[in-house]
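Here's a quick briefing to read alongside the coordinates.

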Amino acid sequence: MDYLPIFRDVSGRTVIVAGGGAVAARRAELALRAGARVRLFARELGDDFQTIRDHPRLEHIPHCPGQGDFEGAALAYAACKREADDRHVAALARAAGVPVNTADRPELCDFIMPSIVDRAPMIVAVSSSGASPILARMIRARLETMLPSAYGKLAKFAGDFREKVMARLKSAETRRRFWERTLDGPLATLVFSGDEEAAAALMARELDAAEAEEKTGIAGEVYLVGAGPGDPDLITFKALRLMQRADVVLYDRLVGEGILNLVRREAERIYVGKKPDDHTLPQEDISALLARLAREGRRVLRLKGGDPFIFGRGGEEIERLAEERIPFQVVPGVTAASGCSAYAGIPLTHRDHAQSCLFVTAHGRNGLVDLDWSQILRPRQTVAVYMGLRILPDLTAAFIGRGANPDMPVAVVEKGTRPGQRVASGTIANIARKVKEAGFTGPAMIIIGTVVTLRGKLSWYLPGEDSTETRPEGRFTGSI
Ligand SMILES: C[S@@+](CC[C@H](N)C(=O)[O-])C[C@H]1O[C@@H](n2cnc3c(N)ncnc32)[C@H](O)[C@@H]1O
């Protein structure tokens, strides 16, 4: 983060604005809206000052500011025509210890101006840290369409009840839950529709219920959420909603930083590991921890890579919760086979190649598991193998030993959907050697079947710069 986002109280304080053009007018208008007294230094005022020229808190001074003018000011804006004037104003402000913003001159800025969505008292500020103000404005425009103007009314309504809620609900935790429930439910709808009387009655009932709950103890719950294979854009809306609600998150190795950053910032983070050989916490302990945290009344997010019910042991983790009657929800995620196949340009099924697709795991307690070969070696089928990277030589040897065609195409997708994605393609006979030469470390998904040949035509994803992605034959050079 290049800038610290804060909201500054300038009500009743002096804000200096230097300049008589459109930008200076916008700065002055904003400061007036925030309750400041504006001292405007400009020889002449342009037409843009039309609406605020006679504002009682605006004082127009028709010359350049001097040193004493900045004394005690909260902020200063320079938006002069000449660069030399801007530099002069910025220097005076800085000498007086007053933070200054200078239009279009980042080197003369102590703070920058965000694009704002104004639903006062609700304000959303968007900034690109100066990298692309136009992009920030585009995002603001999108937010404008997503936030009904009645959000301002809702914020005001909540503000009117704030003290009462503070007085009746003692713990910050109960208050947070109370507000999350009321502001995201029927009460908000009543406020939006203008029926504030009914909203106030509902608020009173909700407050009684929350107070009773505080006395009897808050009920915790567990959200078992699939975070997908890595690209944060692949998580579901429901996952995001619950991630934003959690008090504590238990996550493992396959959940990357980009996804963790979407979890509510204040949530406690507990890493529960799980490399193939290095279980930071044994499975039973994870289940016990989930149950304990929920019994303490916390909202527990169990975040798992891919889909929690596909080779994720999600079922085992919630069995104990079910036994102990602890409420839980399960949110599916994009499983690695789907994510990797999509991002590698390999459809798992295709009318000309495969009418079925089998998801298998090759990894047992002691290496390769005994697979059901009659199911696996079927024509016109794709086999997606999870957890197979480390035993790939044994796996491919077993395929050949059971009669598979050694020329059957295979792709191994490492770090699928992530910026470091790499894809190795070859045949059952040579893929283990190619993957070893490329130094894959995983996680990796093995896709076996003639659908792999479609990658030459359908590959589309270009991973980030840190990838050494090998391009499929036919379209790019350098395939493994
Ligand atoms: C314990 S399983 C978890 C699977 C997960 N529940 C799912 O639905 O994707 C871990 C295996 O999933 C595969 N995997 C997970 N994320 C992957 C990724 N981004 N790229 C390739 N393979 C991945 C690998 O085979 C890895 O060994």
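Two strands count as paired if DSSP finds at least two bridges between them. With that in hand: in β18, the bridge partner of P409 is T427. One thing to keep in mind is that this is a predicted model. The chain splits into domain 1 (14-113), domain 2 (151-216), domain 3 (221-334) and domain 4 (343-458).

**Domains and the ligand**

- Taken over C-alpha atoms, the centres of domain 1 and domain 3 are 50 Å apart.
- Where does the ligand lie? Domain 3 and domain 4 both give residues to the shell around the ligand, so it lies between them.
- There are 24 residues around the ligand, and G306, G312, T335, A336 and G416 come nearest.
- By type, the shell residues divide into 12 nonpolar, 8 polar and 4 charged.
- Two elements, α12 (336-344) and β19 (444-448), each supply at least two residues of that shell.

**β17, covered on both faces**

- As a reminder for this part, side chains in a regular strand alternate between the two faces of the sheet.
- How many of the residues of β17 are buried? The count is 6 of its 6, so to speak: β17 is mostly covered.
- A411 has I447 in β19 as its bridge partner.

**Zooming in on I447**

- I447 is found in strand β19.
- Is I447 buried or exposed? It has 26 C-beta neighbours inside 10 Å, so I447 counts as buried.
- Leaving aside neighbours within four places in sequence, I447 is in contact with S341, I346, T382, A384, V410, A411, V413 and V452.
- C340 and I447 are 107 residues apart in sequence, yet 9.1 Å apart in space, C-alpha to C-alpha.

**The parallel sheet**

- Here 5 strands form an open sheet with parallel pairing, in the order β3-β2-β1-β4-β5.
- Why is one side of β3 (58-61) and of β5 (100-102) left without a neighbour in the sheet? Both stand at the edges with a single partner strand each, so one side of each has no neighbour there.
- Neighbouring strands in this sheet are turned by 15° against each other on average, direction ignored.
- β2 (residues 37-41) runs parallel to β3, with 4 bridges joining the two, and R39 stands opposite E59 in β3.
- Helix α1 (residues 22-33) lies across β1 (14-18), β2, β3 and β4 (75-78), and runs at about 170° to β1.

Conventions: Residues numbered from 1 in each chain as written. Predicted model: local features only at pLDDT ≥ 70, side-chain atom pairs only at ≥ 80, totals over all residues. Axes fitted to C-alpha atoms, helices over the stretch in contact; angles between N-to-C directions. Contact = placed C-beta atoms within 7 Å. Near = placed C-beta within 6 Å. Nonpolar A, V, L, I, M, F, W, Y, C, P; charged D, E, K, R; others polar. Domains from an automatic or database assignment. Buried ≥ 20, exposed ≤ 12 C-beta atoms within 10 Å, placed from the backbone.
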